[in-house]
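Subject: Structure for you to look at

Hello,

Here is the structure I said I would pass on. Please open it next to this message and follow along as you read.

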Amino acid sequence: MTALLEVDRAVKRFGGISAVNDLSFKVEAGESLGLIGPNGAGKTTVFSLIMGEHRLNSGAIRLNGTDISALPTYERIKRGVARTYQVPRPFSEINVAENIRVGLMPDSLRLMLTEGPDPDAELELARSVGFGPADLERKPSQLSMGDLRKLELARTLATAPQIILLDEVFAGLTVGEIAQISDLIARKRAEGMTFVIVSHDLRSLQPLIDRAVVMTFGQVIAEGSFESVMSDEKVRAAYLGH
Amino acid sequence: MAADIRLRHVLLWGLFIAGMCLLPFVTTPGTLRTVIFANYLAIFAMSWDFLTGRTGYVSFGHPFLIGIGAYSTAILSYRFGVPVAISIPAAVLITMLAGTLFFLPALRIRGSYFALVTLAFMELMYQLVQVIRPDITGGTRGISGVQTLTSGAFNNFYLSFALMVVIAIVLWTLTRTRLGTALSAIGMNEESVRGSGLNTTKLKLFSFMVSACVAGIGGAFYVHYLGSIAPRALFDINFLFTIIVAALIGGASTIIGPMAGAFFLTFLLEYLRPVLPGSERYFIYGAIALVLYMYQPKGLYAIVEDLAGRVRRKPTQDTVRDRAA
C-alpha cells in the first residue's frame with residue numbers, strides 16, 4: 001500500500017552544513033508519527049522541506065505516491081499537507097474569525113471577489129478547536145499561547161488537510177493548555193487525521209503517537225515504538241551526549 | 001462582488017458625495033482649485049495605499065508609475081496627435097505594464113530593500129526622460145501645451161471628484177471582500193498566507209496591477225488638468241513624501257484614510273501658505289505628522305473610528321444606568 005507521506009533520501013544543505021542528510025521515513029494514512037531528536041537535529045527543516053519552504057538538494061517528497069518535491073507550498077497544501085509552526089504565526093490585526101477565513105479561502109481571485117465568507121464554516125472550525133462564538137471577535141493579541149496554537153490549528157484544518165505537521169506544539173504552554181491541545185489532537189486522531197508531531201515534551205507526546213522516528217544531525221538513528229526508541233543506546237547517546 | 005457593505009456605509013458615502021457635489025456652490029474658485037489638487041493627491045495616496053497599506057510592500061517609487069501614466073498620454077496626444085479618448089486608456093495600460101516591472105523585485109525582496117529598489121525606479125525614470133529622446137519627452141523642460149479635458153475650476157472639480165470618488169468606492173469595496181482580507185494578511189505575515197494554501201505571487205500581482213492602474217489613471221488625468229508636465233516636479237522626493245504622508249496621516253490600509261489624509265494635508269499646506277510662503281511649511285506639516293503618529297500611528301481614520309465607537313457605546317452605558325436607576 002502506498003504511504004500517505006514519504007520522505008525519500010532527502011538531502012538539504014545550507015552552505016557547507018548538511019541539515020538533512022539522506023533521510024527517509026514514511027507515514028501511513030491515519031497514523032500519528034512522532035519526529036524527535038535533540039536541538040539542531042533538523043526536525044523543523046524536514047517540515048520545511050515537506051511544505052516546500054526549503055527546496056531539496058536531492059531526494060523526493062511523495063504524497064499519496066506522487067512526487068510533490070517540485071511544487072510550490074500552496075500547491076502542496078491544496079494536495080492535502082499542512083503544518084503549524086514552533087512560534088504561532090497569526091495574522092495579528094484581524095480577529096479569530098478572519099484568521100480562519102484566510103485558511104478557508106479558495107486560491108482563486110474570482111471566487112475571492114464573488115463569494116463572501118462562510119461564517120458557519122468559520123464558527124464550526126473555531127468550535128472544533130475549542131473556541132466559543134464570543135472568541136471569534138478576539139484579536140490574536142488578546143489570546144494566550146494555548147489559544148494561539150488552537151487558532152493556528154483551526155487555520156490549518158481550514159485547508160482540509162490529509163496530514164498535519166505539528167512543530168513543537170506544546171512549547172510555551174501551561175499544563176492545562178497542554179492537556180487541552182492533547183485532547184484536541186487525540187480527538188482529531190480519532191476522526192482519522194494523520195499527524196507528524198515534533199516535540200521536546202516527550203511525556204506529552206508519548207500518548208499521541210503510534211510510532212517515533214528519532215533523528216540527529218539530519219539522519220534517522222532509530223525508528224519504532226516510543227518505548228523501543230527510548231531504550232535505544234544511540235538515542236540515549238544523542239540526547240545525553242554520551 | 002461579495003463585499004461586506006452595510007446600509008450605514010451606503011448612507012455615509014451618499015452624504016459625502018452629496019456634500020462634495022454642493023461644494024462649488026458654497027466656495028470660491030480658489031478653494032476649488034485646492035480641492036482639485038486634493039482629489040488628485042487622494043487618488044495617488046489611495047493607489048499607494050492599495051499596494052503598501054495592504055501588502056506591506058513599501059513603495060518609494062509611486063511617482064514612477066504616475067509619471068508613466070502622465071508622460072504616456074502627454075506624448076501620445078501632444079506629439080502624435082492621438083485623441084485623448086485613446087491616449088488616456090493607452091496610458092493606463094502602459095502604466096499597468098510598467099507595474100509588472102515594478103512587481104518583479106517583489107518576487108524576491110521586501111522591506112527596506114524593496115523600498116530602495118522602487119526609489120531607484122523613480123530616479124531612473126527621472127534620468128531617462130531627460131536623456132532618451134528629449135525631442136519626444138521634452139527633456140528637462142518637459143512638455144507644455146498638453147490638451148486639457150475641460151476648463152475652469154468648476155468643471156475640473158467635478159471631473160477630478162468623479163474620478164476620485166469612483167476609484168475610492170471601487171478600492172474600498174475591494175478591501176471589503178475576501179480578497180481584501182487576503183491582501184491585508186500578506187502585509188501581516190506573507191508566509192502564513194502561503195501556508196494557508198494561497199498563491200501569494202498571484203495576490204501581490206493583483207495588488208500591484210490595481211495600484212498601477214489607479215496611478216496611471218491619476219497621472220494621465222492630472223497631466224490633462226495641468227496642461228503640462230515637467231520631470232523635476234513629477235519625479236521629486238517631495239512629491240513622493242506628500243503621497244506617503246497623506247496616506248499615513250489618514251490611516252494606511254483603509255483607503256478612506258489616505259483620501260482624508262490628502263485633503264487634510266493639502267488644506268494644511270494651503271492655509272499655512274500666507275503665514276509661511278517658503279518650504280518652512282513642510283517643517284510644520286512634518287511636525288504635525290510626527291505628533292499624530294505618536295498619538296495614533298494608525299492615523300486620522302483610527303481617531304475618528306475611536307470617537308465614533310465611543311459615541312456608539314455611550315447610549316448603551318446610559319441605558320444601563322437608567323435600568324439600574
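Predicted model: local features only at pLDDT ≥ 70, side-chain atom pairs only at ≥ 80, totals over all residues.

Two strands pair if DSSP finds at least two bridges between them.

Strands of chain A

Chain A has an open sheet of four strands, in the order β2-β1-β4-β5, with antiparallel pairing. Its edge strands are β2 (17–27) and β5, each of which pairs on one side only.

Strand β1 (residues 5–14) of chain A runs antiparallel to strand β4 (residues 58–63) of chain A, and five bridges join them. Two of the pairs can be found by eye: V7(A) has I61(A) as its bridge partner in β4(A), and V11(A) has S58(A). On β4(A) there is also a pairing with strand β5 (residues 66–67) of chain A, antiparallel and over two bridges. The hairpin of β4(A) and β5(A) has two residues between the strands, and N64(A) takes a positive phi near 50 degrees.

Further along chain A, strand β9 (residues 211–216) and strand β10 (residues 219–224) pair in the antiparallel sense over five bridges. One of the partners is G224(A) in β10(A), which sits across from A212(A). β9(A) and β10(A) also form a hairpin with two residues between them, and F217(A) in the turn has a positive phi of about 50 degrees.

As background, strands of a sheet pair through backbone hydrogen bonds, either parallel or antiparallel.

Leaving out residues up to four places away in sequence, Q86(A) touches T44(A), D167(A), E168(A) and A171(A). I185(A) is 99 residues from Q86(A) along the chain, and their C-alpha atoms are separated by 16 Å.

Chain B as a whole

Chain B has 15 helices and two strands. Its radius of gyration is 21 Å, close to the 20 Å that the globule rule gives for 325 residues, so chain B is as compact as a globular protein of that length. Along the principal axes, its C-alpha atoms fill a box of roughly 80 × 55 × 40 Å. Of its 325 residues, 46% count as buried. If you take the contacts in chain B between residues at least 6 apart in sequence, 77% of them join residues at least 24 apart.

The UniProt entry, which is unreviewed, annotates several spans of chain B as "transmembrane region", including residues 58–78 and 157–174. In the model, residues 58–78 of chain B are 81% helix and 0% strand, and the end C-alpha atoms lie 34 Å apart. Residues 157–174 of chain B are 100% helix and 0% strand, with 25 Å between the end C-alpha atoms.

Where the chains meet

Helix α8(B) is mostly covered, with 10 of its 11 residues buried. Among them are R178(B), T181(B), A182(B) and I186(B). What do the buried residues of α8(B) pack against? In chain A they pack against α3 and α4 (109–114), and in chain B against α2, α7 (152–175), α9 and α10.

The nonpolar core

The largest nonpolar core has 159 residues, and those with the most contacts inside it are I197(A), A42(B), A45(B), M46(B) and A182(B). Helix α2 (residues 29–55) of chain B gives the most to this core, with 13 residues. As for A45(B), it touches I243(B), A246(B), A247(B), P258(B), G261(B) and A262(B), again leaving out residues up to four places away in sequence.

Regards

Note on methods
Residues numbered from 1 in each chain as written. Chains lettered and ligands numbered in written order. Core = buried A, V, L, I, M, F, W, Y, C linked by C-beta atoms within 7 Å. Buried ≥ 20, exposed ≤ 12 C-beta atoms within 10 Å, placed from the backbone. Contact = placed C-beta atoms within 7 Å. UniProt positions renumbered as here; feature names shortened; annotations may be inferred. Rg over C-alpha atoms; globule rule 2.2 N^0.38 Å.
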